[in-house]
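Have the model open as you read.

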Amino acid sequence: MEQIYPRLLDFDQNRNPVRPRDAATVIVLRDGRAGLEVFCVRRHASSSFMGGAVVFPGGKVDAQDGAEVWGDRATEPPARAAVFATEGATARTLCVAACRETLEEGAIVPTDMPLSDDAIDVALRELAAGTLLDAVLERRGLKLALGALVPWARWITPLAEPRRFDARFFLLPLPRGQVGRHDGHETTTSFWAAPREVLERAERGEIFLAPPTSRTLELLSAAADVGSAVALAERQSLLPICPRFVPGDGDEPPYLALPGDPSHETRERRAEGPTRYVLRHGRFVVEERCAHGSPIHIKQEREPGSTRSDQSRSPPDECPLRAGDA
C-alpha cells in the first residue's frame, strides 16, 4: 500500500485474534440545497486506529454509558436497537455511547428539548473540565433523545486487525439549531457533503475511506433526502458484518470479503451491494465476485437491491471473540 496511509491498515492473518470492544458510530444527516448531506470528520493522523481516515463520529463504549442514571436522563432507545444488544452492552448503553461520542467529536447531540449551538459550546467546556455528561444535561433539565437514533448496521473489525471494535451504526437527523464541527484533537477536519461527493473524493485519492464508511455512503447515495434515508434504514440487516481479510496471491492484491462473498465463511449477504473491497494503489475498490471467483466490476452509482436478512435467527459466529467473552 502507499505510504500516504501509514496508520490505516495492519492486517496479519496469523496473529491471535483480540476481542472487539463495543463501539458506536453515528451518521448525521441533513437536507442540503441539492439533496441529502452527511457529516464527516477526519481522524487525527497520529491516531492508532484509522489515523487520517475520513469517518463518521463515533468511538468505544465507556463504563459511564451504562450507568443507571441514564434510566432517568435519557429517553427510551429505538425498539430496533434491541437487535444490537449483547450481554455486555444493552441497547440503551450503545445509544448513550453514540450520543456522547457524536457530541465529543462533532458537537452534535440529540436532546428532548432544543439545545443551541452556543449552548453546546458551553457544555463541551464543562465536559472538558471533568463534568459527567448526565450532570451537564441535568443542569439544563435535558435528556438524551435516544429515540432520534435510527439503527443502520453493525460492523466488526476483521480478525486480522490488532485493534478491533464491534461498532453499531446509527443514522441521526441533524437536531434543530445545531451545525457540527470537529473537536481539534481526535478529529482535525469536518465537512458536510453529499454521499456521492465524498465517494468521488476518495476515488480521486484525496481522502481515505474504510469499507464500512464506503458502503454506508454507497447506500445513502440512493436517498434523496433525510426522510428517504431513514426509510432506507428499515431495509438494512442489523446482523454483524465481519469482513474476512484475504492476503494477496501473486498478481492478485489483498482484499476484504464481506458475508455472501465466495471467500467468506458466511454465505448469506448481510449488506446490500458488492461483497468485496480490493486494496488497489492504497485504497479499497469495491468489486463483486461470482461463485467461481472471477470479478464482476460494479459501478458504485447504481442503486443496490434489497437483501434484508432474517434477523430472527442466530447468525453463525464468524467473529468468535466478542466483547465480554471469557
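## The second largest pocket

This is a predicted model. In it, 15 residues line the second largest pocket, and those lying nearest its centre are Arg-100, Glu-104, Leu-127, Ala-128 and Thr-131. The space inside comes to about 340 Å³.

Which helix gives the most to the lining of this pocket? That's α3, with 3 residues. Helices α2 and α3 (117-128) each supply at least two residues of the lining. By type, the lining residues of the second largest pocket split into 6 nonpolar, 3 polar and 6 charged.

## Aromatic pairs

Searching the whole structure turns up 3 aromatic pairs. Take Phe-84 and Phe-170: their ring centres are 5.4 Å apart and their planes sit at 85 degrees, so this pair counts as edge-to-face. Phe-84 is in the loop between α1 (70-73) and α2 (91-106), while Phe-170 belongs to strand β6 (residues 165-173), so the pair ties together parts 86 residues apart in sequence.

## Charges over rings

Two arginines are worth a look here. The charged end of Arg-276 sits over the ring of Tyr-255, 3.9 Å from the ring centre. Arg-201 lies over the face of Phe-191, at 4.9 Å from the centre of that ring.

## Strands β10 and β11

Strand β10 (residues 255-257) runs antiparallel to β11, and 3 bridges join them. Across this pairing, Leu-256 stands opposite Tyr-277 in β11. Strand β11 (residues 276-280) is mostly covered, with 4 of its 5 residues buried.

Note on methods: Residues are numbered from 1 along each chain as its sequence is written. This is a predicted model: local features need pLDDT of at least 70, side-chain atom pairs count only at pLDDT 80 or more; totals for chains, interfaces and linings use all residues. Side-chain values use heavy atoms; hydrogens and water are left out. Rings of Phe, Tyr and Trp (its six-membered ring) pair if their centres lie within 6.5 Å; planes under 30 degrees apart count as stacked, over 60 as edge-to-face and the rest as tilted. A charge sits over a ring if NZ of Lys or CZ of Arg is within 6 Å of the ring centre and within 35 degrees of the ring normal. Buried means under 20% relative accessible area, exposed over 50%, partly exposed in between (1.4 Å probe, protein chains only). Two strands pair if DSSP finds at least two bridges between them. On a 1 Å grid over the protein atoms alone, a cavity is a set of points where a 1.4 Å probe fits but cannot get out, and a pocket is an open set with protein on both sides within 12 Å along at least five of seven lines; lining residues have an atom within 4 Å of a point. Grid points are joined across faces, edges and corners, and a volume is the space filled by probe spheres set on the points. Ala, Val, Leu, Ile, Met, Phe, Trp, Tyr, Cys and Pro count as nonpolar, Asp, Glu, Lys and Arg as charged, and the others, Gly among them, as polar.
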